[in-house]
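Open the model in your viewer and keep the sequence panel beside it.

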Amino acid sequence: MTTDVTGGAGRRNPLPPPPANEGGEGRLVAQLRMLHSLGAKLNQLNDVRRIGAVITGELRELIDYHNCRVYLLGEDGETLVPIAFRGTLSEYEGETFEALVTTLGRGITGHVAATGEPYYSPNALEDPHAQQIPGTTEIVESILAVPLLYRERVVGVIVLSKLGVDQFDASDLRLLEVLASHAAAALENARLLEAERRAAERLRESEARKTAILESALDCVVVIDHEGRIVEFNPAAERTFGYRKEEVLGRELAEVLIPPPLRTRHREGLRRYLETGESRVLGRRLEVAAMRADGTEFPVEVAISRVALPGVPLFTGYIRDISERKRAEAEVERALRTEREAIRRLQALDEMKNTFLQAVSHDVRTPLSAILGLALTLEREDLDLPLEERRDLARRLAANARKLERIVSNMLDLDRLTRGVVALHREPTRVDALARQVVGEAEFLAQREVRVDTDPVVAEVDPPKVERILENLLVNAARHTPAGTPVWVRVRGHDEGCLITVEDAGPGVPEDLRQAVFEPFRRASLDQPSPGTGIGLSLVARFAELHGGRAWVEERSGGGASFRVWLPGTGSSGPHAPAGGPARGPAGTEGAGDAAPSPAAAG
């Protein structure tokens, strides 16, 4: 083996674009298959090494790598330990495998873990930041390393190598980053669950040891007569209750050792036994509250028996302080609750993954099938197509590719928002000009009548994210209304910010679904399954909330849906801007109309 990725911090080299004959349908279908297979397998695993083995196996189906290693950051926050390896060289097996262990900041692997950024070495043999593994031969390799990030924290690294110079491309990096986000969550949850189980087991062992000690220390002996007065009080009882024997002899047990609320019950039980010979406590172990000399209460376990002697009856109480056991039981119960919560989180993650796969499978497969069919048609040499038909096929091919790109971008944006890694970059922006630009570039609106009505509005917003808000609202309107349905786009502003409205004259959104359509993977319709992945409108709401605003849907007067986004900030507008704003955002600000519930749903 020529080089390992352990040695020095380095530069990040650019990756070449994917070869033309390797993109398109085959790679994207493989990606979908990988996501489905990985989600199904990881849902059933709670061991990090088994998860690492599944990751290396799934990657092998997508990237013909030379070898693949998955590292996990140790509990010390410094050591990077390989938990899985898959490759074609035997030098990594056996003792040499230990040479792959590295530390934070050391080598390409350590550098990626320290910076949280991917690293690409087109020729590791000439890369000054790579190190050769002792005892291996020099072979030219390309190395691609990607961090495993969980909530902006590095938990490990995935490293791929391939024989030859510059063997990876940009699509390999993108695929590896998508896989890394899923892998990091699975590994971190597995490690968390294992740590919680170990903690619970330690608490159980601690409780068992404490119980054994307490069993051997069950030597508090208190003897009372038929009047309930203490006649014997051994040294262990003196230590437990804080009394000297001379202080308690001849005194009533109920007044000395029993808390006030329980004294009457004790006296009544003793009287009933002396009168009838019946008792509910003799021969049983009871957990009750006792009282020390200083008045503090504590739990004890008591076993009471009658002394088998002729004459006046005596009763012996064998008492054990179980304060430590109760504390240990409470700790175990807390640990078990923590473990149950971890299991609940894992189950929620499983449900989210399953919902995700169900939501995107159809909408990814449809443009992929169209791309494949169009590409195969253009590829045929036996068809002599007119130039105009070829141009039409190429336009349709590009439109489906852009549709697929929007779906993948939405999925990646939702993942980044969920992990909290999206930052807001505000700048003064002409929101009205931005809206007209988005409408003008929306090729999916070519067959629709779109009416843009804006006031001059300047607001402190993040322009790319506002573009995504507008684009997803327009895609939603186009997707959920019949062809030819008119669409209205309005931008209004005043001192509190700006209001973006996208309306259509389609079937509308039912009132009981007007909140649900903004939830991830939620779709709705009246009579048939609704198109779309259920991500677009959730991104609209998330981006609005990121600005401190909100998104909602109302009825449109005359029928249809009125989707609205309120973005607070410094705004200025023309003479038609509304004056003032409502307490919870401009739910009643002017639009194209307000009426009619609609089943337009998340796109």
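Select Pro82: its relative accessibility is 3%, so Pro82 counts as buried (buried is under 20% relative accessible area, exposed over 50% and partly exposed in between, with a 1.4 Å probe and protein chains only). This residue sits in strand β2.

The model is a predicted one, in which local features need pLDDT of at least 70 and side-chain atom pairs count only at pLDDT 80 or more, while totals for chains, interfaces and linings use all residues. Residues are numbered from 1 along each chain as its sequence is written, and side-chain values use heavy atoms, with hydrogens and water left out.

Next, select residues 107-115, helix α3. Helices (H or I, at least four residues) and strands (E, at least two) are DSSP runs numbered from the N terminus. How many of the nine residues of α3 are buried? Seven are, and the helix is mostly covered. Colour them: Gly107, Ile108, Thr109, Gly110, His111, Val112 and Ala113. Then show the strands against which these buried residues pack, namely β1 (67-73), β2 (79-87), β3 (102-103), β4 (119-121), β5 (141-150) and β6 (153-163). Just after α3, stop at Gly116, where phi is positive, about 70°.

Move on to helix α12 (residues 463-479) and helix α13 (residues 536-546), which pack at about 150° with their axes 9 Å apart. Axes are lines fitted to C-alpha atoms, for helices over the stretch in contact, and angles run from 0 to 180 degrees between N-to-C directions. The two helices, α12 and α13, are therefore roughly antiparallel (angles over 145 degrees). To see the contact (heavy atoms within 4.5 Å), show Lys465, Arg468, Ile469, Asn472, Leu473 and Asn476 on α12, and Gly536, Leu537, Leu539, Val540, Phe543, Ala544 and Leu546 on α13.

Finally, zoom out to the whole chain. The chain has 13 helices and 18 strands. Of its 603 residues, 47% are buried. Among contacts between residues at least 6 apart in sequence, 69% join residues at least 24 apart.

Technical notes
Parallel < 35°, antiparallel > 145°, perpendicular 65-115°, else oblique.
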